[in-house]
Amino acid sequence: MAVIRYMEKGRIVDRCAGTLINERYILTAAHCIRNENLHSVILGEHTKGQDRDCNKYYDFKGMLDHDQTDCAEPVEEFGIESFEYHHDFNRPRFSNDIGLLRLNRSVIMKDHIKPICLPVLSELRNMAPLNKYIVTGWGTTENDNPSDVLLQAVLPRVSNGACQERIDRSRLNIQLGSKQMCAGGKNKVDTCKGDSGGPLRFFANHEEGTRFVQFGIVSVGTASCGQQNVPGVYCVVADYMDWILDNMQPSF
């Protein structure tokens, strides 16, 4: 997971998320990078309010055992060297919502900073949609504030036909295309403001074994975030693998 930061009115703010896909690139949504105020990318984050993320252990009396505290290494901040977003983004509205950020230096992979797998292989590109996916992010929660802790939720897939019906019923100006998919949108479990650009992912068989594979990018949803029974809309990563590979430059 990557946190994408912006400079707004003299202060640094978090607005979007993304995923590390190799030592120099972050995959995210186009609408997250069409912004001249891009500031930096944070990797290795989990709980934003802590300098270091730690697993804490307690003894049988409920006392914190300091000898057993297990901490990750500190987060790392990277500058943004360049960015690319799809030339047909928002044509039609909300379509082709995909982009890449190139970091200003190479990432050294560690236990808490690792890339996610993409559907590069033909069997992953062509596999049938799953019934459910996992989404992660620091977006707005039910109390209307962004989460300090990285959250995850399991979302049911919704067919594009059923999704379009719900979108039309809610009078939202969205016309789904074949390179978009829908998930979630009920019981207040959904992506929300601040989750944009993050991954919709699930386990899949990979050439190196079973891995988390990113199948979607958080693109657009309702302002109510799960309360109107309208699913969120995601960019389908498999349909853009050629675009991703064509727009990535060598690491050096």
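Q: What must two strands share in order to count as a pair?

A: Two strands pair if DSSP finds at least two bridges between them. The model discussed here is predicted.

Q: How do the strands of a sheet pair in general, and in what order do the seven strands stand here?

A: Strands of a sheet pair through backbone hydrogen bonds, and the pairing may be parallel or antiparallel. In this structure, seven strands make up an open sheet with the order E7-E4-E1-E2-E3-E9-E8, and their pairing is antiparallel.

Q: Which strands stand at the edges of the sheet, and what is the average twist from one strand to the next?

A: The edges are formed by strand E7 (76–78) and strand E8 (80–85); each has a single partner strand, so one side of each has no neighbour in the sheet. From one strand to the next, the twist averages 35 degrees.

Q: How many bridges join strand E3 to strand E9, and which residue stands opposite Leu 27?

A: Strand E3 (residues 25–28) and strand E9 (residues 99–103) run antiparallel and are joined by four bridges. Leu 27 has Leu 100 of E9 opposite it.

Q: What is a salt bridge, and how many are counted here?

A: The term describes a side-chain nitrogen of Lys or Arg within 4 Å of a carboxyl oxygen of Asp or Glu. By this rule, nine salt bridges are counted.

Q: Which parts does the salt bridge between Arg 102 and Glu 81 tie together?

A: The side chains of Arg 102 and Glu 81 meet at 2.7 Å, N to O. Arg 102 belongs to strand E9 and Glu 81 to strand E8, so the pair ties together parts that are 21 residues apart in sequence. Arg 102 is buried, with a relative accessible area of 5%, whereas Glu 81 is partly exposed at 46%.

Q: Where do Glu 73 and Lys 110 lie?

A: These two residues form a salt bridge through their side chains (3.4 Å, N to O). Glu 73 is in the loop between strand E6 (70–71) and E7, and Lys 110 is in the loop between E9 and helix H1 (122–125), so the pair links parts that are 37 residues apart in sequence. Glu 73 is partly exposed, with a relative accessible area of 40%, and Lys 110 is also partly exposed, at 23%.

Q: With which residue does Asp 88 form a salt bridge, and which residues do shared partners join into one network?

A: Asp 88 forms a salt bridge with Arg 91, and their closest N and O atoms are 3.1 Å apart. Asp 88 counts as partly exposed at 28% relative accessibility, while Arg 91 counts as exposed at 52%. Elsewhere, salt bridges with shared partners join Arg 5, Asp 14 and Lys 48 into one network.

Note on methods
Residues numbered from 1 in each chain as written. Predicted model: local features only at pLDDT ≥ 70, side-chain atom pairs only at ≥ 80, totals over all residues. Heavy atoms only, no water. Helix = DSSP H or I, 4+ residues; strand = E, 2+ residues; numbered from the N terminus. Axes fitted to C-alpha atoms, helices over the stretch in contact; angles between N-to-C directions. Buried < 20%, exposed > 50% of the residue type's maximum accessible area, 1.4 Å probe, protein only.
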